Amino acid sequence: LSDVSEQRRLEAVRRDFVANVSHELKTPVGALTLLAEAIQDAADDPEAVARFAGRIQHEGARLARLVGELMELSRVQGADPMPGATEVEVQAIVDEAIQRTALAAEQSSITVSATCNPGLRVRGNRAQLATAVANLVDNAIAYSSGGTGVVIAARPSTDDEARPTVDIAVTDQ
């Protein structure tokens, strides 16, 4: 007998991941296509063209960010999941996540706040950790109603073997 339950679980996770990535990429690609058509139709209206061009820049940046995050995830899946691991201040990770998502929060009239125990440190790759937290905050913003809030909380904790860890939670409405 051979236990294939873990292999099947991993296959299901991969399928879900591919479906989610496809959906996430489809949105900005579709928006870029529609905006390009809108520019063609509004060729005689410089104000409209400028507005549509700004939206194209926004969607292009969103697409570039998604591709960059996929590349980062690919590196995480590689042989060395934590290249350049160092001690990182958790507050710095949280601050960077808030900075990365500030525009999306502002556009949705969502307030992002944080409560972080002072002096918390973790060992890891700062860019990867900031990307992970920013993704959580970005999702919370995307699926929250305007005028609500998103809170990032970081606190000390321990794992099942009583080793020190840090819990970072992103809570939305």
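How many residues does H1 have, and what distance does H1 reach from its first C-alpha to its last? Helix H1 has 37 residues and reaches 54 Å between those two atoms, close to the 54 Å expected at 1.5 Å a residue. The model is a predicted one, and the mean pLDDT of the chain is 86.

**Confidence**

- In this chain, 92% of the residues reach a pLDDT of 70 or more.
- Confidence is lowest in helix H1 (residues 5–41), with a mean of 81, and highest in strand S2, with a mean of 95.
- Where pLDDT is low, predicted coordinates should not be read in detail.

**Helix H1**

- The buried residues of H1 are Val21, Pro28, Ala31, Leu35 and Ala38.
- In an α-helix there are 3.6 residues a turn, so residues three or four places apart point the same way.

**Helix H3**

- Helix H3 covers residues 90–107, which makes 18 residues, and reaches 26 Å from its first C-alpha to its last. This span is close to the 26 Å expected at 1.5 Å a residue.
- Just after H3, Ser109 takes a positive phi of about 55 degrees.

**Asn135 in helix H4**

- Asn135 is found in helix H4, and the C-alpha atoms of Asn135 and Thr101 are 8.7 Å apart in space although the two residues are 34 residues apart in sequence.
- Asn135 counts as partly exposed because its relative accessible area is 26%, which lies between the limits of 20% and 50%.

**Val150 in strand S4**

- Val150 lies in strand S4 and is classed as buried because its relative accessible area is 0%, under the 20% limit.
- Leaving aside residues up to four places away in sequence, Val150 touches residues that include Ile110, Val112, Val137, Ile141 and Val170.
- Val150 and Val170 are 20 residues apart along the chain, and their C-alpha atoms are separated by 7.0 Å.

**Aromatic rings**

- The structure holds zero aromatic pairs.
- Arg51 lies over the face of Phe52, at 5.1 Å from the ring centre.

Definitions and conventions: Residues are numbered from 1 along each chain as its sequence is written. This is a predicted model: local features need pLDDT of at least 70, side-chain atom pairs count only at pLDDT 80 or more; totals for chains, interfaces and linings use all residues. Side-chain values use heavy atoms; hydrogens and water are left out. Helices (H or I, at least four residues) and strands (E, at least two) are DSSP runs, numbered from the N terminus. The expected span of a helix is 1.5 Å times one less than its number of residues. Rings of Phe, Tyr and Trp (its six-membered ring) pair if their centres lie within 6.5 Å; planes under 30 degrees apart count as stacked, over 60 as edge-to-face and the rest as tilted. A charge sits over a ring if NZ of Lys or CZ of Arg is within 6 Å of the ring centre and within 35 degrees of the ring normal. pLDDT is the predictor's confidence in each residue, from 0 to 100. Buried means under 20% relative accessible area, exposed over 50%, partly exposed in between (1.4 Å probe, protein chains only). Contact means heavy atoms within 4.5 Å.
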